[in-house]
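Here is my note on the model, written as numbered points for someone meeting such a structure for the first time. Please keep the sequence and the 3D view open while reading.

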Amino acid sequence: MSPPLRGSSVAAVLLSSIVTVVAASGAGCAGGTPPATPVGLRAVAASELRTPADFLGIADRDERSRALFLEATRVMFHPRCRNCHPDGDRPAQGDEGRVHDPPVARGPSDHGAPGLECTSCHQDRNVELARVPGAPKWALAPREMAWVNRTPHALCEQIKDPARNGNKDLAHIVDHSAHDELVAWGWSPGHGRVPAPGTQQQFGALMAAWVESGAECPREETTR
Ligand code: HEC
Ligand code: HEC
């Protein structure tokens, strides 16, 4: 067999395995939200995030803002974020959001029960051999920052509300999105976990563009 032929058959095998991976994640269990392709936007893989430039074709500023937020929810509703922003008092694990094993509780200040704080197990970085994910100041998002069981509209209103977002203004929310270390962990979750789509920098840019376009919220009936 001549080298060029061998090269192309290798490429074909590679291509078919990429297609298999994409198909598997499209089935919804590999952690990514299967990316719906809203009218007028380019199709992207589950692992990819659209950039603010992709939304410039939406002439109406309010509509553009809503679409930008909806794109950002592909990160916020991702299991890596959702598992720590539960609608209850226990963190979740895995792509299907199963209850944290071993059983742990939120505790009085979101840092775990006295004597079994989150940081008794979670270090400031991933510990690969023990499978324990880690980042500085590992803790559960406070009760009012629950994201599970929220529609995009409800999540958006909640994130804008200082009474439910840790008393942050929108600039602070953008900064938190772009630079916080627990947020950063979502893109380097360790031990074969599926990272959030895109990069943290891209997520920060989407949130900034959302704010710059008026921080409009998706309509109540909008689903992902
Ligand atoms: C280990 C747990 C943990 C993980 C993982 C995590 N968060 Fe959080 N998150 C927190 C905590 C704790 C707070 C409250 C911190 C504060 O108010 O300063 C918070 C607050 C936030 C806030 C601001 C308040 C709000 O809810 O409106 C945003 C935005 C946020 N997280 C985004 C994310 C995103 C995006 C991801 C995934 C890429 C993520 N978080 C993953 C624990 C986590
Ligand atoms: C007794 C040890 C222990 C304690 C205490 C503990 N964890 Fe964990 N946690 C683990 C282990 C081990 C894993 C990894 C499980 C796996 O992936 O197989 C994990 C995984 C997680 C994950 C899943 C990440 C993902 O997306 O799959 C989150 C979120 C989490 N812990 C949050 C917390 C929070 C918040 C606290 C404190 C309220 C806490 N944990 C307390 C041991 C612990």
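Predicted model: local features only at pLDDT ≥ 70, side-chain atom pairs only at ≥ 80, totals over all residues.

1. A word on classes comes first: Ala, Val, Leu, Ile, Met, Phe, Trp, Tyr, Cys and Pro count as nonpolar, Asp, Glu, Lys and Arg as charged, and the others, Gly among them, as polar. With these classes, the residues of the shell around ligand 1 divide into 15 nonpolar, six polar and two charged.

2. Residues are numbered from 1 along each chain as its sequence is written, and chains are lettered from A and ligands numbered from 1 in the order in which they are written.

3. Helices (H or I, at least four residues) and strands (E, at least two) are DSSP runs, numbered from the N terminus. On that basis the protein has eight helices and four strands, and their order along the sequence is α-α-α-β-β-β-β-α-α-α-α-α.

4. Burial is judged by counting C-beta atoms placed from the backbone: a residue is buried if 20 or more others lie within 10 Å of its own, exposed if 12 or fewer, and partly exposed in between. Of the 224 residues of the protein, 28% count as buried. Two residues are in contact if their C-beta atoms, again placed from the backbone, lie within 7 Å, and among the contacts between residues at least 6 apart in sequence, 57% join residues at least 24 apart.

5. Which residues come nearest to ligand 1? A residue is near a molecule or strand if its C-beta atom, placed from the backbone, lies within 6 Å of it, and of the 23 residues around ligand 1, the nearest are Cys81, Cys84, Asn165, Gly166 and Gly186. Two or more residues of this shell come from each of α2 (61-76), α3 (79-82), α6 (170-179) and α7 (181-185).

6. Around ligand 2 there are 23 residues, of which Pro91, Gly112, Cys118, Cys121 and Leu140 come nearest. Both α3 and α4 (118-121) supply at least two residues of this shell, and the largest share, three residues, comes from α4. By class, the shell around ligand 2 has 12 nonpolar, seven polar and four charged residues.

7. An α-helix has 3.6 residues a turn, so residues three or four places apart point the same way.

8. How do α2 and α5 meet? Their axes come within 11 Å and cross at roughly 90°, where axes are lines fitted to C-alpha atoms, for helices over the stretch in contact, and angles run from 0 to 180 degrees between N-to-C directions. That makes α2 roughly perpendicular to α5, a term for angles of 65 to 115 degrees. The contact is made by Phe69, Leu70, Thr73 and Met76 of α2 together with Pro152, Leu155 and Cys156 of α5, and these residues divide into six nonpolar, one polar and no charged.

9. Thr223 lies in the segment after α8 (200-212), and it counts as exposed because it has 9 C-beta neighbours inside 10 Å.

10. Most residues other than glycine have a negative phi, and most peptide bonds are trans. A cis peptide bond joins Asp101 and Pro102, with omega about 5°, and Pro102 is in the loop between β2 (98-99) and β3 (112-113). Asp110, which lies in the loop between β2 and β3, has a positive phi of about 70° although it is not a glycine. Lys137, in the loop between α4 and α5, has a positive phi of about 60°, and it is exposed, with 12 other C-beta atoms within 10 Å.

Conventions
Parallel < 35°, antiparallel > 145°, perpendicular 65-115°, else oblique.
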